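Here is a short briefing on one protein chain. Look at the sequence and the model first, then read on.

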Amino acid sequence: MEVDSESRIDSSSADRTSRSSNLESLGLTHSKLAYDGNFIRSASGVLMVGEIVFGLFVWTLIGGTEYLHVPALRWVMFVSVFYWVLTVILFLLYLITLHIRITWIPWNILGMCFHGSATVLYLSAAVMGTLSLNVANRGRYYFICWVASTIFASLATLCYAGNTAVNFKSWRSKSEDT
């Protein structure tokens, strides 16, 4: 029985070798993208997860109400959805280490500009959300959702501001090295 199990191991490794050589003969190779688990634990990764979660709360809370009747909330909805989608895309690019493969893009400057603009626009969205609270009646469903979305917009603003500072420090340290 020991001989049979060893022969199975040898035949399975031979199958893998022949499969990989078949892929190479077709001009196909294995993916070079890698998952970077350390990014999620970094300051920028934690802040980006906060941006994604808080931004999601902002637009789902507003989207569940009749926000189209309040022009200020249209702006809040636009900012939250726009930056949520872009943040998810940027997060995935960093997570699969695509930023290492694309060297011609200055990622620190891109991150600093992206998070800086998101900070400014989210701050304006949070202020406009706060000012539009007088349209809703206190204690009503819409009022509670709009208050919660304003709080989450403020938290998202803090995350974007923190990530701007992290990217600035990273850019500054790399510019001092050269």
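The buried residues of helix 4 are Ala72, Leu73, Val76, Met77, Val79, Ser80, Tyr83, Thr87, Leu90, Phe91, Tyr94 and Leu95. Buried means under 20% relative accessible area, exposed means over 50%, and partly exposed is in between (1.4 Å probe, protein chains only). Helices (H or I, at least four residues) and strands (E, at least two) are DSSP runs, numbered from the N terminus.

The model is predicted: local features need pLDDT of at least 70, side-chain atom pairs count only at pLDDT 80 or more, and totals for chains, interfaces and linings use all residues. Residues are numbered from 1 along each chain as its sequence is written, and side-chain values use heavy atoms, with hydrogens and water left out.

**The whole chain**
- The chain has seven helices and zero strands.
- From the N terminus on, its elements run α-α-α-α-α-α-α.
- Of its 178 residues, 31% count as buried.
- Take the contacts (heavy atoms within 4.5 Å) between residues at least 6 apart in sequence: 80% of them join residues at least 24 apart.

**Helix 4**
- Helix 4 has 25 residues.
- From first C-alpha to last, helix 4 reaches 36 Å, close to the 36 Å expected at 1.5 Å a residue. The expected span is 1.5 Å times one less than the number of residues.
- Just after helix 4, Thr97 takes a positive phi of about 55 degrees.
- Ser80 sits in helix 4 and is buried, with a relative accessible area of 0%.
- Which residues does Ser80 contact, leaving aside neighbours within four places in sequence? They are Gly55, Val58, Trp59 and Tyr122.

**Helix 3**

**The nonpolar core**
- A nonpolar core is a set of buried Ala, Val, Leu, Ile, Met, Phe, Trp, Tyr and Cys residues joined through side-chain atoms within 4.5 Å.
- The largest one has 32 residues; Ile62, Leu73, Tyr83, Tyr122, Trp146 and Tyr160 have the most contacts inside it.
- Helix 3 (43-63), helix 4 (71-95), helix 6 (107-131) and helix 7 (141-177) each supply at least two residues of this core.
- Helix 4 gives the most to this core, with 10 residues.
- Domain 1 (37-105) and domain 2 (106-168) both give residues to this core, so it lies between them. The domain bounds come from an automatic or database domain assignment.
- Tyr83 touches Phe114, Ser117, Ala118, Leu121, Tyr122 and Tyr160, not counting residues up to four places away in sequence.

**Thr157**
- Thr157 is found in helix 7.
- Is Thr157 buried or exposed? Thr157 is buried, with a relative accessible area of 8%.
- Thr157 and Tyr122 are 35 residues apart in sequence, yet 5.5 Å apart in space, C-alpha to C-alpha.
- Leaving aside neighbours within four places in sequence, Thr157 is in contact with Thr119, Tyr122 and Leu123.
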